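Open the model in your viewer and keep the sequence panel beside it. The tour goes stop by stop, with a selection at each one.

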Amino acid sequence: MKFKITLISLVIVSSILWITHLPDSNQDYAQFDNPTRIITTDWTIAETLLALQAPLVGVGDTKEYATWVSEPVLNDNIVDLGLRSQPNLEVIANLKPTLLINSTWTQNLIPKNIIPINLAAIDFYTNEGTSWSHIVQTTEKLAQLVNKTTQAQILISQTEKQFTDNIQRLKKIPKQSYAVVQFIDSHQLRIYGANSLYGVVLTKLKLDNAWQHSTNAWGFSQISLIDLTTLPKNTSLIIVKPYPANVNQQLEKNSLWQKLPFSQQGNYYILPSVWGFGALPSMQRFSYSLTNALTKQTVNTW
């Protein structure tokens, strides 16, 4: 049997490499004394630290961060630590970081006996996926670690206000269901449930999520094109970038796709890349992009 491995597959695999056991809850940590040089290989922690205006000096795989997360933007002074699953220890040692914050299941990627450093673990996802309350609580715990509690409350309030504003903007659109998907290739997709970041945002915006089946701990199910036929009638696809090159051209030649209602303009919306395993910054980006698309303020093409 031959296996086709894509860059998108590798990025997702690296995100769920430790999925066999996710922690049930975050531990309580005392505040560190004004950490001045923070590093992380976790993009969700990175985007939140940036939003909190914490002194972040190193992030894993910054090039792919720009592709998958996009915003908040990494400034030029933030150093690439190498692969998220295999960071470059020499680069890290030269950075002389004062604090490493990672998820629990990646905490041991940087051996403390080789690089002396304060360690802390924060988990935005659990065995059951995520939820609004869990992401808010985890953001507050992260802010406590880095002495940015005021900024955390501002970030939470900004996110809530954006949801409220976008609900008002969405009141005039027709009532229907939405299925949030990402293409793995022209035959397979990830579709996101209520316990995913996308699903949480749909709920906050009072929009119906068409995918009501069970999902994994990251909030998605892997499906084929034929599974899209099981979605409720009057469902629109929300297609989130990135996806492999030439997917659109391949779908144009796919007879099954062409028979599906989602292949027709007006039955799908394409959004810019939003980190599907992120936290409040990604929630804001998804809420904003989705609302703009559904209200025809922005039209994104393949």
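**Stop 1: two helices.** Select helix α2 (residues 43-51) and helix α10 (residues 280-294); their axes come within 8 Å and cross at roughly 85 degrees. That makes α2 roughly perpendicular to α10 (65 to 115 degrees; under 35 is roughly parallel, over 145 roughly antiparallel, the rest oblique). Axes are lines fitted to C-alpha atoms, for helices over the stretch in contact, with angles from 0 to 180 degrees between N-to-C directions. Helices (H or I, at least four residues) and strands (E, at least two) are DSSP runs, numbered from the N terminus.

Before going on: this is a predicted model, where local features need pLDDT of at least 70 and side-chain atom pairs count only at pLDDT 80 or more, while totals for chains, interfaces and linings use all residues. Residues are numbered from 1 along each chain as its sequence is written, and side-chain values use heavy atoms, with hydrogens and water left out.

Now show the contact (heavy atoms within 4.5 Å). E47, T48 and A51 in α2 meet L280, P281 and S282 in α10.

**Stop 2: L50.** Stay in helix α2 and pick L50. L50 has a relative accessible area of 18%, so it is buried (under 20%; exposed is over 50%, partly exposed in between, with a 1.4 Å probe and protein chains only). Leaving out residues up to four places away in sequence, L50 touches L56, Y65, P72, V73, L74 and I78.

**Stop 3: S196.** Move to the loop between β9 (188-192) and α7 (197-204), and select S196. Its relative accessibility is 0%, so S196 counts as buried. The S196 side chain reaches the backbone nitrogen of G199 at 2.9 Å. Beyond four places in sequence, S196 touches T130, W218 and G219.

**Stop 4: aromatic rings.** How many aromatic pairs does a search of the whole structure find? There are 17. Rings of Phe, Tyr and Trp (its six-membered ring) pair if their centres lie within 6.5 Å; planes under 30 degrees apart count as stacked, over 60 as edge-to-face and the rest as tilted.

Select W105 and W218: centres 5.8 Å apart, planes at 75 degrees, so the pair is edge-to-face. Both residues are buried.

Next, F183 and W257: centres 5.9 Å apart, planes at 80 degrees, so this pair is edge-to-face. F183 sits in strand β8 (residues 177-183) and W257 in helix α9 (residues 255-259), 74 residues apart.

How values were computed:
A polar contact is a pair of N or O atoms within 3.5 Å; within protein, one must be able to donate a hydrogen and the other to accept it, and residues adjacent in sequence count only if both atoms are side-chain atoms.
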